[in-house]
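I begin with the overall picture and then go through some individual residues.

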Amino acid sequence: LDQGVKVVFDHFALPDPKLGIDDPGFQSVLKLGTTRNVWVKISAPYRNGAAGEAFAKQAYPLLRNAYGVD
């Protein structure tokens with residue numbers, strides 16, 4: 001980001017399924033929303049294992065608030 005590149009995370013940024021939205025990496029992804037140079041693809045929650053659907057329901061509003069709907 002310091003070099004001006006844009007970054008895209010796919011599949012909700014694939015947090016640790018055991019930690020879900022509490023994954024420190026996922027929390028960092030939320031903070032990156034303010035840069036407006038990062039996007040998160042919110043698709044294929046099943047890629048996050050058996051808990052993927054439940055995670056997606058928790059993560060979507062957080063991502064929407066951090067990144068907007070654009």
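1. Accessible areas here come from the Shrake-Rupley method with a 1.4 Å probe, and for residues only the protein chains shown count as cover. On that basis the accessible surface of the chain comes to about 4,700 Å², and 55% of this belongs to carbon and sulfur atoms.

2. A word on the source before going further. This is a predicted model, in which local features need pLDDT of at least 70 and side-chain atom pairs count only at pLDDT 80 or more, while totals for chains, interfaces and linings use all residues. Residues are numbered from 1 along each chain as its sequence is written, and side-chain values use heavy atoms, with hydrogens and water left out.

3. Now the layout. The chain has two helices and two strands, in the order β-α-β-α from the N terminus. Helices (H or I, at least four residues) and strands (E, at least two) are DSSP runs, numbered from the N terminus.

4. On overall dimensions, the C-alpha trace spans about 35 × 20 × 20 Å along its principal axes.

5. Of the 70 residues, 31% count as buried; the term means under 20% relative accessible area, with exposed over 50% and partly exposed in between (1.4 Å probe, protein chains only). Among contacts with a separation of 6 or more, 76% join residues 24 or more positions apart, a contact being heavy atoms within 4.5 Å.

6. Charges: there are 8 positive and 7 negative side chains, and the centres of the two sets lie 4 Å apart. Lys and Arg count as positive and Asp and Glu as negative, with His and the chain ends not counted. The place of a charge is NZ of Lys, CZ of Arg, CG of Asp or CD of Glu.

7. Do have a look at helix α2, residues 52-67, which bends by about 35° at Ala 59. Pro 61 follows within four residues of that bend. The bend is the angle between axes fitted to the seven residues ending at a position and the seven starting there. Buried residues of α2 include Phe 55, Leu 63 and Tyr 67, and their cover includes α1 (24-32) and β2 (38-40). After α2 comes Gly 68, with a positive phi near 80°.

8. Ala 66 lies in helix α2 and counts as buried because its relative accessibility is 18%. Not counting residues up to four places away in sequence, Ala 66 touches Leu 30, Gly 33, Thr 34 and Arg 36. Ala 66 and Lys 31 are 35 residues apart in sequence, yet their C-alpha atoms are 7.1 Å apart.

9. Which backbone angles deserve a second look? Most residues other than glycine have a negative phi. Arg 36, in the loop between α1 and β2, has a positive phi of about 60° although it is not a glycine. At 52% relative accessibility, Arg 36 counts as exposed. With residues up to four places away in sequence set aside, Arg 36 touches Ala 66, Tyr 67 and Gly 68. Ala 44, in the loop between β2 and α2, has a positive phi of about 55° and is buried, at 14% relative accessible area.
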